[in-house]
Amino acid sequence: MGIKERKRRDKEARKNSILMAAKRVFFEKGFHAATMDKIAGVAELSKGSLYLHFKSKEELYVSILAEGLEILHKNFTEAVEGIKGWEEIIRSIGRAYFRFYQDYQNYFKILFLFQHGEISSNVPEPLLQTCFEKGTLCLMFLSQALQEGIEAGEVEPSDPMELAVILWGSINGLICLYEEEEHRKFVSNCLDDLINRSIDIMIKGLKMR
């Protein structure tokens, strides 16, 4: 191995080590309570060394988001494998998203915070673009299913990506409402039943009349 390659690998290993430390801090403290000092301490680095690799805690946070979007995309890919019909594909994606919320709650919280535009400052544009592209790939599972329904004459003609965003936002909203105990008292069903019911209602509303 040449010197250049060794340096590249060492740099990559250091960045991965920092990301692991950042996840520990963010997952335990949340974004707002986390600081670069705390992350540097967990990573056993000086703050100056940390800034050589990541310029802000926002950049670290969004780098972790990119990991979460990779997991979500993998979950969606597995969920639709072998599934036929646009309705069943949408239901499978909805169930996969609920499992992502259950199994990867820390990543879900990062995704939710990012979607509300609270952490886009101090993040390099290429990293933001990467996350946008990864998020778009996830949405395309829905938009392609909806396009299939439109082409079959079963879904009202409309922009399938716009419909996908509406479906995604509706499920997100339901999850976030359910997180609040004061809202939970108004429903008797568990969250997965509510999501399945909401998807059924949305599919019914999408169909041609």
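Q: How much area do domain 1 and domain 2 bury between them?
A: The size of an interface is often given as the accessible area lost when the parts come together. Here domain 1 and domain 2 bury about 1,300 Å², with 74% of it on carbon and sulfur atoms. Buried area is what two parts lose in accessible area (1.4 Å probe) on being put together, summed over both. In domain 1, the residues losing the most area to domain 2 are Phe27, Phe31 and Phe54, together 48% of what that side buries.

Q: What kind of model am I reading, and which numbering goes with it?
A: It's a predicted model, where local features need pLDDT of at least 70 and side-chain atom pairs count only at pLDDT 80 or more, while totals for chains, interfaces and linings use all residues. Residues are numbered from 1 along each chain as its sequence is written, and side-chain values use heavy atoms, with hydrogens and water left out.

Q: Where do the domains run?
A: The domain assignment gives domain 1 (1-54) and domain 2 (57-206); bounds like these come from an automatic or database assignment. The C-alpha centres of domain 1 and domain 2 lie 29 Å apart. Their contact (heavy atoms within 4.5 Å) takes 13 residues from domain 1 and 14 residues from domain 2.

Q: How many salt bridges does the rule find across that interface?
A: The rule wants a side-chain nitrogen of Lys or Arg within 4 Å of a carboxyl oxygen of Asp or Glu. It finds 1 salt bridge across the interface of domain 1 and domain 2. Glu67 forms a salt bridge with Lys23, with 2.9 Å between the closest N and O atoms.

Q: How many helices and strands are there?
A: Count DSSP runs, numbered from the N terminus: helices are H or I, at least four residues, and strands are E, at least two. That gives 10 helices and 0 strands.

Q: At what angle do helix 6 and helix 8 pack?
A: Two packed helices are described by the angle between their axes and the distance between the axes. Axes are lines fitted to C-alpha atoms, for helices over the stretch in contact, and angles run from 0 to 180 degrees between N-to-C directions. Helix 6 (residues 105-115) and helix 8 (residues 160-179) pack at about 115°, axes 12 Å apart. Helix 6 brings Phe108, Leu111, Phe112 and Gln115 to the contact, and helix 8 brings Trp168, Asn172, Ile175 and Cys176.

Q: At roughly what angle do helix 5 and helix 8 cross?
A: Helix 5 (residues 86-103) and helix 8 cross at roughly 35°, and their axes come within 12 Å.
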